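Subject: Structure for you to look at

Hello,

Here is the structure I promised to pass on. Please open it first, then read my notes below.

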Amino acid sequence: MNLKIDKKKFIYLISPNQITVNFYINLEKVLKTGKVSFFQMRLKKYTFKQKILIGKKMRKICKRNEVKFLVNDDPLLAKKLNADG
């Protein structure tokens, strides 16, 4: 019996602590590979307002590439950004 098993890769990617302009371009490239299933925004040194602005950009990129967008340690921020978790 020959069974074909689809092995999907479940890479869980976490944001760096410092977000640069090139970060968004690089995130798009990585997520386009189809190898990442989850992306977590984990920013400790930014204000709530800054996290909202950054998170909206990240969420758009994740949604466009069918990657689940997660927010670390802040359920209010996750809700505000309409994150997946």
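Start with N72: at 18% relative accessibility, this residue counts as buried. Buried means under 20% relative accessible area, exposed means over 50%, and partly exposed is in between (1.4 Å probe, protein chains only). N72 sits in the loop between β3 and α3. Leaving aside neighbours within four places in sequence, N72 is in contact with Q40, M41, R42 and K44. Contact means heavy atoms within 4.5 Å.

A word on the source. This is a predicted model, where local features need pLDDT of at least 70 and side-chain atom pairs count only at pLDDT 80 or more, while totals for chains, interfaces and linings use all residues. Residues are numbered from 1 along each chain as its sequence is written, and side-chain values use heavy atoms, with hydrogens and water left out.

Now the overall layout. The chain has three helices and three strands. Along the sequence they follow the pattern β-α-β-α-β-α. Helices (H or I, at least four residues) and strands (E, at least two) are DSSP runs, numbered from the N terminus.

Next, the sheet. The three strands form an open sheet in the order β1-β2-β3, with parallel pairing. Its edge strands are β1 (11-14) and β3 (68-71), and each pairs on one side only. From one strand to the next, the twist averages 25°. Two strands pair if DSSP finds at least two bridges between them. Strands of a sheet pair through backbone hydrogen bonds, either parallel or antiparallel.

Which residue of β2 is the bridge partner of I11? It is V36. β1 and β2 pair in the parallel sense over four bridges. The chain crosses from β1 through α1 to β2, and this β-α-β crossover is right-handed. That means that, with the strands pointing away from the viewer, the path from the first strand over the helix to the second runs clockwise. β2 (residues 36-41) and β3 also run parallel, joined by four bridges. There, F38 has K68 of β3 as its bridge partner.

Two helices lie across the strands. Helix α1 (residues 21-32) lies across β1 and β2, at about 155° to β2. Helix α2 (residues 48-64) lies across β2 and β3, at about 175° to β2. Axes are lines fitted to C-alpha atoms, for helices over the stretch in contact, and angles run from 0 to 180 degrees between N-to-C directions.

Then the core. The largest nonpolar core has 22 residues, and I19, F39, M41, M58, F69 and V71 touch the most other members. A nonpolar core is a set of buried Ala, Val, Leu, Ile, Met, Phe, Trp, Tyr and Cys residues joined through side-chain atoms within 4.5 Å. α1, β2, α2, β3 and α3 (75-80) each supply at least two residues of this core. α2 gives the most, with five residues. Not counting residues up to four places away in sequence, I19 touches Y24, L43, Y46, I54 and M58.

One more residue: is S15 buried or exposed? S15 is buried, with a relative accessible area of 6%. S15 lies in the loop between β1 and α1. S15 and R42 are 27 residues apart in sequence, yet 5.7 Å apart in space, C-alpha to C-alpha. Beyond neighbours within four places in sequence, the contacts of S15 include F23, F39 and R42.

Last, a total. Of the chain's 85 residues, 38% count as buried.

Best wishes
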